[in-house]
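Here are some friendly notes to read with the model open beside you. Take the points in order and find each residue as you go.

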Amino acid sequence: MQAELKHGARESREMMLGSDAIAHGVRLCRPAVISAYPITPQTHIIETLSEMVDTGELQSQFIKVESEMSAIAACLGAVSAGSRSFTATSSHGLAMMHEILHWFSGARMPLVMVNANRALGAPWNIWCDQSDSMSQRDVGWLQLYCETAQEALDSIILAYWLSEQIMLPVMVMIDGFILSHTMEQLLLPSQREVDAFLPPYRPAIFLDPENPKTFCAAAAADNFYQLKKAIAATMETAETLLAEGYALFAGRFGRSYGHVEPYCCDDAEVVFCCAGALSGTVRVAVDQLRQEGHRIGLVKLRLFRPFPGAALIRLLAGTKRLVVLNRSVSFGAAGTIAQELRAAFYREDCRPQIHDVIISLGGKEVFPATIREIALRAAELSPTESIWIG
Amino acid sequence: MLWNVTTTEYLTSGHMACPGCGASLSLRHALKVLGGQTIVVLPACCMSIIAGAFPSSAFSVPLLHVPFATAAACASGVRRSLLAQGKKGVSVMVWAGDGGTFDIGLQALSGAAERHEDFIYVCYDNEAYMNTGIQRSSATPQGAWTTTTPAGKELQYEKKDVIAIVKAHAPAYLATANIAYPDDFMAKFERARDLSGFRFLHLLSACPPGWKIDSSEALHISRLAVETGIFPLLEQDEEKNLRLTYVPQSWLPVAAYFQAQGRFKGLAEEDIDFLQQETERKIAAYG
Ligand code: SF4
């Protein structure tokens, strides 16, 4: 009731930090257990959540653990015992969770975790790049990348909605500092609206003395193989289900999302592709270039796991040049997103020339002017090598 | 003595322990005391195998297998989840080996103890990494043979004093126990069950292959560990001081304990003399 009064029964328009927007998104999903450890630039999220728990605005058990590994492990225990849970992390924290990330998906436990994208040392660096989450692409978690705080807030609600149906965990990414530490005007849904969209978490089986079951027992090869195969099969259905979620969400909240979001792509000769807040910068550059008469477009990648290859092929099959802007790199190979796109287009006869640009690591700034320059000189970009700008 | 122990089995026969395994015997009785309203959290250890492989389980209480380093964190989550749902009357118990407690799990254990999380943490201590084939852990006693201390002569590392470490966290309950003394063992589990907050039990659990003893010898050797003072039976009193819950009429020489086990073959006489003095010093500290 208190939450209703404070935030109103209706959707409201508010100015807030990206981190606070996320905390409100989490509050609206009513996790019964939150467990977290601070790490820059995620820290504000959990600070705001602890205040909400303290004031009673959010009724939740908040476990202030001693490490990120314990943060996600506590969520594993909480979800196994039947509670919706939440955690947030970044960078080294996410790396420390790696083992438990596998365990979570392998155990088919739903969870939503926000990761504020940040570089990994050495050398120490607290600024934004996406190598932390992109290097977790094989752990069986869904990955959503957000361009704005509004998108992040909405994605959290959508992520719980999806995660609990497919029984796989979802990671929602925001670019550290760029989204977490800047103010944005956004629409805050009311608790009533979110309750109507997101049903309470009621798992079919959980740790229950009345119906005792063993969770995560050892499994020999045949069973192990089948269980892992089932994750792959679920990942394939996740895309369709999430698309349904977008439609339902749009009907209720009026904001629509997609796995991949094209901007000015219809007649574009050069299309940029990137994930996260960088899309905003590229959007500005595309607008300028369009005004100057250049046929430039952008495809924003929201869903990274499962990789929406088919959707990208539909969108980009006729495009001449695709310039992929990566904020992460797989050393010895290519920019992570570029690698994925090349793999997706491998079987296609008609495919764009894919240029792999490593544009920013460790917070290296990207300006619209740089994007403009790349667009105008796209034909000169090497088709085979990674291009490091700057 | 007549024991009031249920005939219900929560760890059923057909489990996968080696014959004479002290850990499985301990768990069987611990669960009898705690009863069916118990959730067990199990990090990597021998018991992960003993419990059985998918799709069967030797446990008839809910069991959550968890990654090695995370038992105390996972148990915190289980308890908070029950709290959030308003579920009362369920015991949450971590059942971890010495590796999962003394070594890789120590950080999570410390975190949960310091937060006074409400569950029972049991360490069944077989004094090495037995599940991977008998490698030294920080619970391995001085001079014991393992596959990573092949000579068994290294006296430079003392067994880590996990009881002192946990005591420093001011737990709600703290005790050592050994299934060779079942009345003491079960009384301690009863007290732990009936309290709330962070409760810790350290069990010495004989391991026939790891200790190089016959599988019929586990209880006999376990008893020697207590009678010689190598593993004193302790409990925290109301002032939070540790006191002995069992004092033999006279302490046996530690040599009796060492000589009964193949793993201590490398100990020289002067080592045994040294360890005798050490043991006496430690026992004296408990008054
Ligand atoms: S190795 Fe030792 S502790 Fe492990 S099951 Fe066998 S006897 Fe028990």
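1. Start with D184(B) and K188(B), whose side chains meet in a salt bridge at 2.9 Å, N to O. A salt bridge here is a side-chain nitrogen of Lys or Arg within 4 Å of a carboxyl oxygen of Asp or Glu. Both residues lie in helix α7 (residues 182-194) of chain B, four residues apart, about one turn of the helix. D184(B) and K188(B) are both buried, where buried means under 20% relative accessible area, exposed over 50%, and partly exposed in between (1.4 Å probe, protein chains only). Helices (H or I, at least four residues) and strands (E, at least two) are DSSP runs, numbered from the N terminus.

2. Before going on, please keep in mind that this is a predicted model: local features need pLDDT of at least 70, side-chain atom pairs count only at pLDDT 80 or more, and totals for chains, interfaces and linings use all residues. Residues are numbered from 1 along each chain as its sequence is written, chains are lettered from A and ligands numbered from 1 in the order in which they are written, and side-chain values use heavy atoms, with hydrogens and water left out.

3. Next, look at strand β5 (residues 112-117) of chain A, where six of six residues are buried. V112(A), V114(A) and A116(A) point one way, and M113(A), N115(A) and N117(A) the other way. Strand β4 (residues 85-89) of chain A pairs with β5(A) in the parallel sense over four bridges; two strands pair if DSSP finds at least two bridges between them. Strand β7 (residues 170-175) of chain A also runs parallel to β5(A), joined by six bridges. V114(A) is the bridge partner of A88(A) and stands opposite V172(A) in β7(A).

4. Finally, which cysteine sulfur is nearest to that of C264(A)? A search finds zero disulfides over all chains, a disulfide being a pair of cysteine sulfur atoms within 2.5 Å. For C264(A), the nearest cysteine sulfur is that of C265(A), 7.5 Å away.
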